[in-house]
Amino acid sequence: MAQQISNNAKNDNGQKNKFKGLTKQHRSWIYTSFFIAVIILLFIFNNSDYLFGRAEENGPYPPNYVPAAQKSTALAPDFKLQSTEGKSIKLSDFKGKVVIVDFWATWCPPCRKGIPDLIDLKKKYGSKGFEVIGVSVDSDTKDKVIPFIKENGMNYPVVYSESNVLELYGGIHNIPTSFVIDKKGKIVASYVGLTPKATYEDHIKKLL
């Protein structure tokens, strides 16, 4: 019985040594595999936009792209558009003035609500070097623009938008969208939605 126990003990010791030997062999492999896996995961994480195409979800952007509702010091993209009076109006013609470019439409309730504020601002600061340019995005309702202007007494120039201009200004997806432009022709602020008159007035006072 004692011998048998001794033999069993030897067998147990041999198995333990064998187990320990296998563990050391596998340990190096496990560490190496883990290290490689971490490197691969880091690579995928850092390049996920490129690998899975997410970098192009909102692009490619057109030249002089300016995201709406974001402050910027980018030069405002120039445009030449037909006005409701049949004249060609260029934004660059207003360089030296503080300008609000307002993208709007006759069928847009918040646009209509904000227009009286723009009229008042033009009355108050127009003689001091301030201008508003309304850019109508009316398409099917284009024939309603001039009657709307007359009915509401709009005292600033209104032009008809074109698709390339919408793209130059970052893609106008919601209206009203407005851009505040300084005397040097740079965009200092932009807003989406009905904007308080006081917000515009603060910009105008600082920039004039």
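Tyr 200, Glu 201, His 203 and Ile 204 are buried in helix α6 (residues 197-207); buried denotes under 20% relative accessible area, exposed over 50%, and partly exposed the range in between (1.4 Å probe, protein chains only). These four residues lie on the same side of α6, because they cover an arc of only 160 degrees around the axis, the arc being that of the directions from the helix axis to the C-beta atoms. Lys 205 and Lys 206, on the other side of α6, are exposed. The packing partners of the buried α6 residues are β3 (98-104), α3 (109-125), β4, β6 (177-181) and β7 (187-192).

The model is predicted, with local features requiring pLDDT of at least 70 and side-chain atom pairs counted only at pLDDT 80 or more, while totals for chains, interfaces and linings use all residues. Residues are numbered from 1 along each chain as its sequence is written, and side-chain values use heavy atoms, with hydrogens and water left out.

The protein contains six helices and seven strands, arranged along the sequence as α-α-β-β-β-α-β-α-β-α-β-β-α. Helices (H or I, at least four residues) and strands (E, at least two) are DSSP runs, numbered from the N terminus. Of the 208 residues, 33% are buried. Among contacts (heavy atoms within 4.5 Å) with a separation of 6 or more, 71% are between residues 24 or more positions apart.

Strand β4 (residues 130-136) includes Ser 136, which counts as buried because its relative accessibility is 1%. Apart from neighbours within four places in sequence, Ser 136 contacts Trp 104, Val 145, Val 158, Val 159, Tyr 160 and Ser 161.

The accessible surface amounts to about 13300 Å², with 56% belonging to carbon and sulfur atoms; areas come from the Shrake-Rupley method with a 1.4 Å probe, and for residues only the protein chains shown count as cover. A nonpolar surface patch is formed by Phe 35, Ile 36, Ile 39 and Ile 40, which together have about 400 Å² of accessible area. Patches consist of residues with over 30% relative accessible area and no salt bridge, like charges being joined within 9 Å and nonpolar side chains (Val, Leu, Ile, Met, Phe, Trp, Tyr) within 5 Å; a salt bridge is a side-chain nitrogen of Lys or Arg within 4 Å of a carboxyl oxygen of Asp or Glu. Phe 35 belongs to helix α1 (residues 2-46) and is exposed, at 56% relative accessible area.
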